[in-house]
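Subject: A structure for you to look at

Hi there,

Here is the structure I promised to send you. Have a look at it first, and then read my notes below.

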Amino acid sequence: MSVTAQSSATGVPPFGADELDRPMLIGGSWVGAVGGEWIEVDSPGRRGLVIARVPRGQDADADRAVTAARAAYPAWAALHFKDRQKALLQIADALEAAAEELSVLTAWDTGNALRPQARPESQTLANLFRYFGGIAGEFKGAVLPAGDDQLQYTRREPLGVVAGILPWNSPLMIAGMKVPAALAAGNVIILKAAEAAPLTILRMAEIASEFLPDGVLNVLTGFGPEVGEALVQHRGVDKVSFTGSSKVGHHVAEAAGARLAHVSLELGGKSPNIVFPSAAAPEHIEATAVGVLTAMRFTRQGQSCTAGSRLFIHESVYEAFLEVLVAKVSALKVGDPLDEATDMGAIINQKQFDQVTSYIEDGRSQPGVRVVLDASKDIPAGLDGFYQGPTIFAQVDNSWRIAQEEIFGPVLVAIPWSDRDDVIRMANDSHYGLAAYIWSRDLNEALDTAHRIESGWVQVNQGGGQMIGQSYGGYKTSGIGREFSLEGALESFTQIKQINVKLD
Ligand code: NAD
C-alpha cells in the first residue's frame, strides 16, 4: 500500500486508478467490509478528486475486529515489558524512515500543508512511539510497607481491548497519543479512522503491524454512527478512547457509560489567548504576535481543538497589537497543501467549509464588529479546493456565537479588556476548557492568571503544540482523562489490582 514516489509535490495523486481500494486491518489481514460497500475518499485541496476508497465498516466488521483483538490480547499482555518496548521502538524507527511518505499522504488526506503542518505531525507520531516504548517499564505497581508477615502490592494491569476513535484534523498525531500508550501498557487496540481522512491511519498501521502480532493493532474504516457506534456499544470493548467533537463525545460517554466501559474523551475547545501590556512592549510585540498566530493554529486552517481562537488584548495595546498581528497573519500563503511554499492548506470538506463560512457571515452581521482581516476569499489561482484565508474580527463581545462556539476554522476574534479579574472571568466564561495562552513578561501576573484559568493546559509566552511527556486533556466539556504522558497512559490505559499475601 505504499505511496508512490510520484505522489510528492508533483501533485500526482497517491494511488493509481487500479489501487484506489484501501482495505482495513483486522487480525493481521487486509480486508473489505463484510457488507462489501466502499466509501470514496476526497482530497480537500482538489475538489471532487477521489483519491481512494475505504471499506464501509458496519456492526459485523466491528465484531470481527473485537474477536481478533480479544484473541491477541492474552499473549500481548503476558509479554515482558521489554518485548513490547522493542516492538514500539522498532515501529518508531520504521515510522521515522517513512515520515516523508506519511507527510505527503497527510497533505493529500487532510489538506494540512506539507511544510508547516504535515511533516511535524508525522515526526510527532514517530516520537510518540519512541517515548511510550521508552517508558514501557513504568507501568508498574507499588509495595506497601505492611509488616514482615504481609506482602501487599499492586499490579498495573491493562484494560484489555481499547477502541481508539479518531478525528480527521491531525489523525497521525492523535493516533500517536493512543496507540503506543495503550500497547505499551499491554492492551490491544482497534482504531476507528475518521471517514474524512482515513488514509494515513491505514498506512501507519501497515508499517506498525510488521512488528506486532496479528490482532494487536486493528483499523476499521467507515462512518461514525455505523462502525464507530458499533465499537462503542460492543461488550468486547473494555475502553473507548475518543477524540472528536464535544457533541459526539457526550453521546459516546453515555453509550459507553451505560455498560460501564472505561472511557476517556478529548473534545473541542475555544481557548483564550490573553495579551498583557508587557508582552506588547516594542521589544516583545513581534514575538507575541507570531506566538498568537501559532497558537491560533492558522497553519492548520484553525482546525485544531487547542486553537487559541479567543484573543483578549489589553485595551492599552489593543490597536498596536492588532496591527502587528494582522500584518503577520495576512502574510500567510494559502495554497496547495503539497506546495513547499504553502503556509495554510485546505479545509477538510464542503460541510466544514460551509460551517466556517456561516460563522464568518454571523460575525459580520454583529453590530459594532470590525473586520480587521478579511482573507476568507483568498484562494490560490488554478486550484479548486476548500481554501479559505484567515479572518480576524475585532471589537467582539465575548457573548457572541463567534466568541463562544468552536468554529474549527481560520477565524480569530479579538476582545478588548482592561482589568485582570475581568479578563480571567471572560476567559473562563466558556463551557470549554482545553488550552490557554498567556502573554506577559511579568511572572507573577502570568502565573496568577495561569492558575486561575479553567483549562487543562496553559502555556505562557509560547503557542506551539503539545510537548511529548506533558499531561494533556480538558476541563469542563473539553474532555475527561489525560493522554500524551506517562501519567496519562497510567490513568487511561491501566487499572490497579491490589494483592495482599499473608506470609509465615
Ligand atoms: P466528530 O466528533 O464528528 O468525529 C470524531 C470521530 O468520531 C470520527 O471518527 C467519527 O466517525 C466518529 N463518530 C461519529 N459519530 C460516532 C458515534 N455515534 N459513535 C462512535 N464514533 C462516532 O469530530 P471531527 O469532526 O472528526 O473532529 C473535529 C472535532 O474534534 C472538533 O470538535 C475538535 O475540537 C475535536 N478534536 C479534539 C482534540 C483533542 O485532543 N481534544 C483533537 C482533535 C480534534
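How many residues of domain 1 are in contact with residues of domain 2? The model shows 34 residues of domain 1 in contact with 35 residues of domain 2, where contact means heavy atoms within 4.5 Å.

Before the rest, a word on the source: this is a predicted model, in which local features need pLDDT of at least 70 and side-chain atom pairs count only at pLDDT 80 or more, while totals for chains, interfaces and linings use all residues. Residues are numbered from 1 along each chain as its sequence is written, and side-chain values use heavy atoms, with hydrogens and water left out.

Domain 1 covers 6-267 + 476-498 and domain 2 covers 272-460; these bounds come from an automatic or database domain assignment. Their C-alpha centres are 30 Å apart.

Together the two domains bury about 2800 Å², with 48% of it on carbon and sulfur atoms. Buried area is the accessible area (1.4 Å probe) that two parts lose on being put together, summed over both. Arg47, Trp168 and Lys476 supply 25% of the area that domain 1 buries against domain 2, more than any other three residues.

Six salt bridges are counted between the domains, each a side-chain nitrogen of Lys or Arg within 4 Å of a carboxyl oxygen of Asp or Glu. Elsewhere in my notes, I also have a salt bridge between the side chains of Glu121 and Arg300 (3.5 Å, N to O).

Enjoy exploring!
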